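Please look over the sequence and the structure shown below before reading on. The briefing that follows takes up the sheet, the nonpolar cores and the salt bridges in separate groups.

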Amino acid sequence: MIAESGAMSWMTPNMKMETVSGGLGKMFGRMVSGETLFQNRYTAQGGNGMITFASSFPGSIRPVSISPGNELVIQKSAFLASEAGVQLSVFFQKKFGSGLFGGEGFIMQKLSGNGMVFLEIDGYAVEYDLEAGQQMVIDTGYVAAMSVTCKMDIQTVPGVKNALFGGEGIFNTVVTGPGKIVLQTMPINTVASAIRPFIPTS
């Protein structure tokens, strides 16, 4: 198993941990995508072992199978752990507006290769399969993952009154199929905004 630094919660004594970088290029890719520079590789010694990973924020952990033709693009903070056959690389938003206003940023992560990956979802995960050309309009920050075949764009909220007083912001993310999308019900930035008024300032 490969995991981000600090992701392990508990394990059996026969699990051997080795900190790996994967080379300078992969370290740089992880740095610009918001992940840690190093990852930990866990291997069972002398038989089966057990290891447990926990999310860093209240939510759910989603197992997803990755294979050739079934690659996934995920938000920067979604990767928790994977089997060793899964490759994690940088995915750049091609459209300037999507990166600047879409809430997911210019840089996301791409999962390819072969194996099981575990995604860290803020809140509850809701999954949809989009047909070719089918769209979903999503508030910024709610896209946790999507198939590499999906396209992401932004659209402005119609009407000045809606944009200024509707409470949904000025832009929404639009994802167009074909492919799978995984949405999260409790993005950490939304939760932070909700509890900020209740945090004492002094």
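Which residues are linked in a network of salt bridges? The network joins Arg62, Glu127, Asp129 and Lys180, where a salt bridge is a side-chain nitrogen of Lys or Arg within 4 Å of a carboxyl oxygen of Asp or Glu. This is a predicted model, in which local features need pLDDT of at least 70 and side-chain atom pairs count only at pLDDT 80 or more, while totals for chains, interfaces and linings use all residues. Residues are numbered from 1 along each chain as its sequence is written, and side-chain values use heavy atoms, with hydrogens and water left out.

**Salt bridges**

- By this rule the count comes to three salt bridges.
- Glu127 forms a salt bridge with Arg62, with 2.8 Å between the closest N and O atoms; this pair links distant parts of the chain, since Glu127 lies in strand 12 (residues 125-130) and Arg62 in strand 6, 65 residues apart.
- Glu127 counts as partly exposed at 34% relative accessibility, and so does Arg62 at 24%, whereas Asp129 counts as exposed at 56%; buried means under 20% relative accessible area, exposed over 50% and partly exposed in between, with a 1.4 Å probe and protein chains only.
- Lys180 is partly exposed, with a relative accessible area of 26%.

**The sheet**

- Six strands form an open sheet in the order 3-4-1-8-11-6, with antiparallel pairing; strands are DSSP runs (E, at least two residues) numbered from the N terminus, and two of them pair if DSSP finds at least two bridges between them.
- Strand 3 (15-20) and strand 6 (59-66) stand at the edges with a single partner strand each, so one side of each is left without a neighbour in the sheet.
- Neighbouring strands of this sheet are turned by 25 degrees against each other on average, direction ignored, as judged from axes that are lines fitted to C-alpha atoms, with angles running from 0 to 180 degrees between N-to-C directions.
- Strand 6 is joined to strand 11 (residues 115-122) by eight bridges, and the two run antiparallel; within this pairing, Ser65 stands opposite Met116 in strand 11.

**Nonpolar cores**

- The largest nonpolar core has 16 residues, and those with the most contacts inside it are Ile66, Leu72, Ile74, Leu111, Val117 and Leu119; such a core is a set of buried Ala, Val, Leu, Ile, Met, Phe, Trp, Tyr and Cys residues joined through side-chain atoms within 4.5 Å.
- Strand 6, strand 7 (72-74), strand 9 (86-92), strand 11 and strand 14 (143-147) each supply at least two residues of this core, and strand 11 gives the most, with three residues.
- Apart from this core lies another, of twelve residues, among them Met108, Leu130, Cys150 and Leu183.

How values were computed
Helices (H or I, at least four residues) and strands (E, at least two) are DSSP runs, numbered from the N terminus.
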